[in-house]
Structure formats: C-alpha cells, structure tokens
Amino acid sequence: METKAPSLEDILETLDGFGKKETGRLVMQQSRDDTIEVTDPLTAASASLESLEENEGSFSSSTSTSYRDEWVRLFERKDYVAAIKLEGIRGGLRSSRFRSVCWRVYLECLSEEQAQWEADVKKSRQQYSDIKQEHISNSLREDNQEEVDLALFNPLSQEEDSPWNKYFQDKETKQMITQDVIRTFPEIPFFQTSDVREMLVNLLFCYCKEHEDLGYKQGMHELLAPLIFVLHCDHQAFLHAQEISSQL
C-alpha cells in the first residue's frame, strides 16, 4: 500500500527529536522490498524548476510554486552564498526544503559557480564509488595472482602488511561501527531499515579507511545520521511538489 510523503509537521517534529527520547513521527515511502532511495534533491530540484514555472500562473499559492519560489529566493541571486549563510545563522533554514543543498555549499562540496554544480556532484559520486570499491568490494583482492607472497597472504600471518591482518582489523572496525549504527536514533523508524543502516556503515567505514590517522570514533554515526535524514526529507519534499505539479 502506497504511503504519502511526510508532512512539514512530521519532518520538523522528527528533526526536533534528534538526541531526545520522545518518539518522533515519520511516514516513509517504501517499496515492497523495503528499498530506501535517497535521491539527490539538488539534481531533482534543478530538473523540476522548468515544469513548475510553466504552471505557476494557475496555482500561485500551491506547494509546487512555493517550492520553486524558495529555490529562487535562496539561490538565484549573486550573493547567494552570503545570503544562505545568514539565513542559516538566523535559523531560517529549519523548515527549508533545500537544507541539504545549503549544507553542501557551507562545506564547500559545491563550487560557488552554480553552473559547476552538476559536475561537482558527478565527481563526488564517482570518488565515493571508487573509494567504496577499494575498501569494501576489494578488501581482500589479490592484484597479481602470480606474484602473491604466500608468507604474507596467510590468515595466520601477524605481519603488519598482511592482507589478512588488515582484513581482521577492518572486520573489527565494521563491527564497532555496526553496533553504533544499530543504536542510531531508535525512536525514528527511518534509521531502523536495513538499507539505511548499511548505507551508514559503509559511509563511516570508508571515511575511517580514508582517514586512518583519525580512524572511527564513537559518536560519528550521530553526526552522519542527520545529514542522511535531511537528504531524505528534501527528496520527499521534491516528490510532493512534483506530484502536485503533475496533477494540474
């Protein structure tokens, strides 16, 4: 049975619940196989602006028009970087449907030049795909079967450079991350699905592998979780605006 996207009140109540023990409410859109798809709201919003603009005259007070108006107000201005920073400091982005885009601007994941945003996103996704391939998919792969050092490539080897030694260290790290992820905001159903948990574990594991001098620290999952949740909420807001636009 198809469920509707969370309302603004649902999202705000859930965001307020981070770190608290009160039960937050969240209505999730799920397919029958429980697959959670966190789609990039930046790409989705940019693609939808043209169709929303075409219908603007017939529903000036509708959700889809206000969706477009918010994008224009935040980003279609020369001083948009300073403007969204000030908006964030004032708390004006608390109910924004483009909060995740603003965060990426703050963290310099996106160039100041908006024409480069699509390329920035593609580059970041490819970088993560490569990192994930290296640290997760090929964690115990032998690059050259003919030149394998059997003394090192041995499950009983205690050598620091042994792939098996690294494999067991990685397994221990993943177990520690998984334990934290399972405890992530238990009052919010979004974080109790296997797909979201796997996503969090993979992201945190790849981060600690790329920053071995820092490694994984308990509590990192509570920093990552709100980022993933806001991406999800922004995508739900886009789907809601898109649905209204398609009905006109």
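This is a predicted model: local features need pLDDT of at least 70, side-chain atom pairs count only at pLDDT 80 or more; totals for chains, interfaces and linings use all residues.
Helix H4 covers residues 80–89, and its buried residues are Tyr80, Val81, Ala83, Ile84 and Glu87. When the helix is viewed down its axis, these buried residues fall within an arc of 165°, so they line one face of H4. The face turned away from this buried side carries the exposed residues Ala82 and Ile89.

Helix H4 also packs with helix H5, which comprises residues 99–106. The axes of H4 and H5 come within 10 Å and cross at roughly 115°. An angle from 65 to 115 degrees counts as roughly perpendicular, and H4 and H5 are therefore described as roughly perpendicular to each other. Their crossing is left-handed. On the H4 side, the contact is made by Tyr80, Val81, Ile84, Lys85 and Gly88, while H5 contributes Cys102, Val105 and Tyr106.

Helix H6 (residues 117–137) and helix H8 (residues 194–210) pack at an angle of about 85°, and their axes are 10 Å apart. H6 and H8 are therefore roughly perpendicular to each other. Here H6 supplies Tyr128, Ile131, Lys132, Glu134, His135 and Ile136 to the contact, and H8 supplies Asn202, Leu203, Phe205, Cys206, Lys209 and Glu210. The residues of the contact between H6 and H8 divide into six nonpolar, two polar and four charged.

Key:
Residues are numbered from 1 along each chain as its sequence is written. Side-chain values use heavy atoms; hydrogens and water are left out. Buried means under 20% relative accessible area, exposed over 50%, partly exposed in between (1.4 Å probe, protein chains only). Helices (H or I, at least four residues) and strands (E, at least two) are DSSP runs, numbered from the N terminus. The arc is that of the directions from the helix axis to the C-beta atoms. Axes are lines fitted to C-alpha atoms, for helices over the stretch in contact, and angles run from 0 to 180 degrees between N-to-C directions. Angles under 35 degrees count as roughly parallel, over 145 as roughly antiparallel, 65 to 115 as roughly perpendicular and the rest as oblique. A crossing is left-handed if the near helix is turned anticlockwise from the far one by less than a right angle, and right-handed if clockwise. Contact means heavy atoms within 4.5 Å. Ala, Val, Leu, Ile, Met, Phe, Trp, Tyr, Cys and Pro count as nonpolar, Asp, Glu, Lys and Arg as charged, and the others, Gly among them, as polar.
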